[in-house]
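Here is a short briefing to read alongside the model. Please keep the viewer open as you go through the points.

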Amino acid sequence: MHEHLIRYFAENRRLVSPDALERLSSTPEPLLACRMVVERMPPEEMFVTLSIVETVLHPPAGSASAPTGRSSPGPGEPTRTGSVLSEGPLFSLISEGFAPGPGGRAPLEAYGSLFTARYRSLGRLLRGRPDLPNVTPIRDLRQRPGAASIVVMVREVRPLQRRRGLRLSVEDETGAAEVIVPDEIPASRVTWIPDEVVGIHVGVPTDLHRSVVAKSVVRPDVPTDRPRHRAGRPHRVLLLSDLHIGSRSFLDESWAGLLAFLRGQDVAPDVASEIRQVVIAGDLVDGIGIYPHQERDLAIGDIVEQYAELGRRLRELPAELEIVVVPGNHDAVCPAEPQPAIPTELTTSLPPNVRVLGNPSTFAMGGVVIEAYHGRSFDDLIPALPGASYSRPTEVMKTMLAMRHLAPIYGSRTPLAPLPRDGLVIDPVPDILVTGHSHTYGVDQYRGTLLVNASTWQGETGYQRMRNITPVPARSAIVDLTDLSVATLDFLSGRGKEIVLS
Ligand SMILES: [Fe+2]
Ligand SMILES: [Fe+2]
């Protein structure tokens, strides 16, 4: 396990002393503790010492509380024992994106600190890389002509006027600069996302009137040599999303098929018998007033009743399964991301085997790190990425991982919460990223991370027909945590049908 933690620190540009490492390994959730240390220690400090770790683990009275905000994520109190890594416990929470910030700050100032937090978190992943030598603050760039690297947030991208190539307006914490990306380098053909954080290796001319020119561009991305976690004994997890309980289009017959399968009465009973947990990636209920004239599509027109019905549906699943739920944009929580967990007033009718977490959330199941994010940012990323579509959600998930951010575009359809910590940065890199929202199905992998977009249990609605969205409903992804292989079952006709995806 030490090796996993050392690599985590290395990716965050930190060296850790043996006694600090020992202390971190002894905590109930070592990865969570490491992330807390990285987030709270002075940004310029490179060495993680035992005293830094002790200060973070036991802050003096009156200082900030735990970064994950909620200490009790649901009606079933999580067991915070054992280790997150390898032979870990059945479930262990690593982080919830939502962390309530200090109140009373002006919203604009708060957004400023959100962007600073994003810049710092992603910048840490870029600094110190061999392909970004001599990282220099923008303020000092012109004083050192030659080659240097900058770690920047991209504010604007325009085509050059008189020749092929791009002009980037970029910023760091010391200043702003214009960088020319010539047509010859691959970065000129990358689709840039506003506000993404990248490293740029640049040539700085001696002549102050000539432009800074990019030689190469590096995204934070997923390291290829990162540790992979696998369960040591038979252990499968069922990934679902977008139940939309309360909708007229809820697929009752398909749901009944899923229940029969889970009880071992349908296809693949051997697979069913190894399932220990279920993750549901948001849009648990259909909600009220989410889109114009939604009332026409609702079978249950009351939000409390919708959650009561959700409770009844989840009680139909075998009681020994542990169920983890995060909210989506149809659920009754603040839509700004990261979203807090569904409030306890609405979860009292859920069975005790349900853990209610925020969106996104990262946790370990049998030692395998899973990040669940509903996927609202597909609505912004799909229009921004040429060739992207709701029918191929995993392609968009790859871009999220390359940027190490779940919702990089600010000011469009995904509202972002003005918190002092960016809870949408992807860190640590999960072994499995599960999303929903697109109501389609996809399984793929990216640099060793399994990507699953987990379908829906709502049939096509009039609103979707109007918007030309064709759902792929009633599919279940069952992941074998010993090797991350996926079995796909299609319950659209009621009975389960195994699908082999090419
Ligand atoms: Fe949905
Ligand atoms: Fe959604």
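## Starting from one strand pair

Leu 93 has Phe 363 of E13 as its bridge partner. The pair belongs to E3 and strand E13 (residues 361-365), which run antiparallel and are joined by five bridges. Keep in mind that this is a predicted model. From here, the points below take in the rest of that sheet, a second sheet, the core and some local details.

**The six-stranded sheet**

- E3 and E13 belong to an open sheet of six strands with mixed pairing, ordered E3-E13-E14-E15-E17-E16.
- The edges are strand E3 (91-96) and strand E16 (441-446); each has a single partner strand, so one side of each has no neighbour in the sheet.
- On average, and ignoring direction, neighbouring strands here are turned by 20° against each other.
- Helix H12 (residues 393-403) packs on this sheet, where it touches strand E15 (432-435), E16 and strand E17 (449-454). The direction of H12 makes about 35° with that of E16.

**The seven-stranded sheet**

- Another open sheet has seven strands in the order E12-E11-E10-E9-E18-E19-E20, again with mixed pairing.
- E12 and strand E20 (497-499) are its edge strands, and because each has a single partner strand, one side of each is left without a neighbour in the sheet.
- Neighbouring strands of this sheet are turned by 25° against each other on average, with direction ignored.
- Strand E10 (residues 275-280) and strand E11 (residues 322-325) run parallel and are joined by four bridges. Within this pair, Ile 280 has Val 325 of E11 as its bridge partner.

**The nonpolar core**

- In soluble globular proteins, nonpolar side chains tend to be buried together.
- The largest nonpolar core of this model has 123 residues, and Leu 239, Val 279 and Val 434 touch the most other members.
- Helix H3 (residues 30-40) is the element that gives the most to this core, with seven residues.
- Which residues does Val 279 touch, not counting those up to four places away in sequence? They are Val 237, Leu 239, Val 324, Ile 370, Ala 372 and Val 434.

**Overall build**

- The protein has 13 helices and 20 strands.
- Its radius of gyration is 23 Å, close to the 23 Å from the globule rule for 502 residues, so the protein is as compact as a globular protein of that length.
- The C-alpha trace spans about 75 × 55 × 50 Å along its principal axes.
- Of the 502 residues, 46% count as buried.
- Among contacts between residues at least 6 apart in sequence, 71% join residues at least 24 apart.

- Ala 147 sits in strand E4 (residues 146-159) and counts as partly exposed, with 13 C-beta neighbours inside 10 Å.
- Leaving aside neighbours within four places in sequence, Ala 147 is in contact with Asn 134, His 201 and Gly 203. Its C-alpha atom is separated by 9.0 Å from that of Lys 215, 68 residues apart along the chain.
- Tyr 111 lies in helix H5 (residues 107-126) and is partly exposed, with 17 other C-beta atoms within 10 Å.
- The C-alpha atoms of Tyr 111 and Leu 419 are separated by 7.3 Å, although these residues are 308 apart along the chain.

**Backbone details worth a look**

- Asn 359 and Pro 360 are joined by a cis peptide bond with omega of about 0°, and Pro 360 lies in the loop between E12 and E13.
- Another cis peptide bond runs from Asp 427 to Pro 428, with omega near 5°; Pro 428 lies in the loop between H12 and E15.
- Arg 13 is not a glycine, yet has a positive phi of about 60°. It lies in the loop between helix H1 (2-11) and strand E1 (15-16).
- Asp 283 is buried, with 29 other C-beta atoms within 10 Å.

Conventions. Residues numbered from 1 in each chain as written. Chains lettered and ligands numbered in written order. Predicted model: local features only at pLDDT ≥ 70, side-chain atom pairs only at ≥ 80, totals over all residues. Core = buried A, V, L, I, M, F, W, Y, C linked by C-beta atoms within 7 Å. Buried ≥ 20, exposed ≤ 12 C-beta atoms within 10 Å, placed from the backbone. Helix = DSSP H or I, 4+ residues; strand = E, 2+ residues; numbered from the N terminus. Contact = placed C-beta atoms within 7 Å. Pairing = 2+ DSSP bridges. Axes fitted to C-alpha atoms, helices over the stretch in contact; angles between N-to-C directions. Rg over C-alpha atoms; globule rule 2.2 N^0.38 Å.
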